[in-house]
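Take a walk through this protein model.

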Amino acid sequence: MFWKDKVVLLTGASSGIGEALALAMAKRGATLGLLARREELLREITEKCEQTGGKARYFAVDVTDAKAVAAAAESLRNEFGKIDVLIANAGIGGNNAETRNFNHEAVAKVININLLGAVNAVSAVLPAMLENKSGQLVAVSSLAGFRGLPRSAAYSASKAGMTAFFESVRLDVRDKGVSVTIIQPGFIKTPLTSGRNNKMPFLMELEDSIPHFLRAVEKRKKFAAFPWQLATFVRLGKVLPAWLYDRIFGRAQFRE
Ligand SMILES: NC(=O)c1ccc[n+]([C@@H]2O[C@H](COP(=O)([O-])OP(=O)(O)OC[C@H]3O[C@@H](n4cnc5c(N)ncnc54)[C@H](OP(=O)(O)O)[C@@H]3O)[C@@H](O)[C@H]2O)c1
């Protein structure tokens with residue numbers, strides 16, 4: 001019932017988690033605005049969503065282009081009257097060259113897409129949500145944002161920033177009818193993780209991960225971290241003294 005007639009703007013909808021979430025929400029009756037850069041993929045996913053009976057529109061837009069993201073949100077609102085849920089999911093993993101062979105441009109790219117892209121999406125929907133006193137902002141952050149991870153400086157920074165940004169916004173919109181949900185997944189099999197050779201602990205199948213995302217949004221959870229085994233390990237890592245943290249987490253090789 002939650003999704004029926006909800007209007008959802010989803011960024012990063014052309015592959016991986018975004019694609020699977022789009023199809024799952026369409027099946028449940030949501031109306032979707034699907035945003036990403038690759039138009040051909042978006043068109044195909046939009047058609048699939050509509051075949052399930054849902055309504056869907058696509059926007060071939062780069063999340064770093066604030067004006068284009070705002071225009072996409074405006075177009076969705078004009079057609080359907082409102083946006084109930086934003087899912088800020090667009091993101092890239094970056095690569096570990098940025099720490100091995102430090103390159104500020106590579107770091108800026110990850111932060112621009114993962115963090116500032118999500119900020120652009122929030123600013124495209126939040127004023128109207130506040131005016132309507134209704135709405136939900138959802139961040140697809142990561143367990144990688146709990147503490148700096150090896151060979152992941154840009155990614156960890158972008159996700160830590162994303163978590164802090166959405167949490168701050170949550171405090172600012174308390175009692176204004178808008179809820180904020182921060183989702184912190186571990187490793188999921190998608191194109192983002194597919195090139196890696198080393199074992200990723202508690203790696204999830206994409207289809208097994210989707211119910212976690214849906215439930216977090218439906219229950220308007222403030223935080224949803226999964227899978228629980230990795231989430232517990234990472235939470236423990238947060239309270240370790242730096243010398244012990246370095247010893248344990250410094251060995252991780254899941255980025256190789
Ligand atoms: N897979 C994991 O293990 C995992 C774990 C924790 C968190 N996450 C997060 O989950 C989100 C989705 O990742 P995924 O695993 O599903 O990876 P994915 O399959 O590579 O999907 C990434 C999505 O983001 C879009 N995107 C990237 N750059 C963009 C830009 N500049 N403008 C608009 N869209 C852009 C891509 O579309 P276009 O290329 O068509 O633009 C694509 O739709 C990311 O934020 C990621 O950090 C993933």
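P227 sits in the loop that joins β7 (223–226) to α8. Helices here are DSSP runs of H or I with at least four residues, strands are runs of E with at least two, and both are numbered from the N terminus. This is a predicted model, in which local features need pLDDT of at least 70 and side-chain atom pairs count only at pLDDT 80 or more, while totals for chains, interfaces and linings use all residues. Residues are numbered from 1 along each chain as its sequence is written, and side-chain values use heavy atoms, with hydrogens and water left out.

R220 lies in the loop between α7 (206–218) and β7. Its phi is positive, near 50 degrees, though R220 is a residue other than glycine. R220 is partly exposed, at 42% relative accessible area. On this scale buried means under 20%, exposed means over 50%, and partly exposed is in between (1.4 Å probe, protein chains only). R151 belongs to the loop between β5 (135–140) and α6. R151 is not a glycine either, yet its phi is positive at about 55 degrees. R151 is partly exposed, with a relative accessible area of 30%.

Now turn to helix α2, residues 39–51. Its 13 residues reach 18 Å from first C-alpha to last, close to the 18 Å expected at 1.5 Å a residue. That expected span is 1.5 Å times one less than the number of residues. Which residues of α2 are buried? They are L42, I45, T46 and C49. These residues lie on the same side of α2, because they cover an arc of only 105 degrees around the axis. The arc is taken from the directions that run from the helix axis to the C-beta atoms. The cover over them includes α1 (16–27), β2 (31–36) and β3 (55–60), where contact means heavy atoms within 4.5 Å. Just after α2, G53 takes a positive phi of about 105 degrees.

Next come the spaces. On a 1 Å grid over the protein atoms alone, a cavity is a set of points where a 1.4 Å probe fits but cannot get out; a pocket is an open set with protein on both sides within 12 Å along at least five of seven lines; lining residues have an atom within 4 Å of a point. Points are joined across faces, edges and corners, and a volume is the space filled by probe spheres set on them.

The largest pocket holds about 1100 Å³. Its lining has 48 residues, and G91, I92, G93, Y155 and L192 lie nearest the centre. Elements giving two or more residues to this lining are α1, β2, α5, α6 (153–173), α8 and α9.

By the cavity rule there are two cavities of 30 Å³ or more.

Helix α5 (residues 104–132) gives the most here, with three residues.
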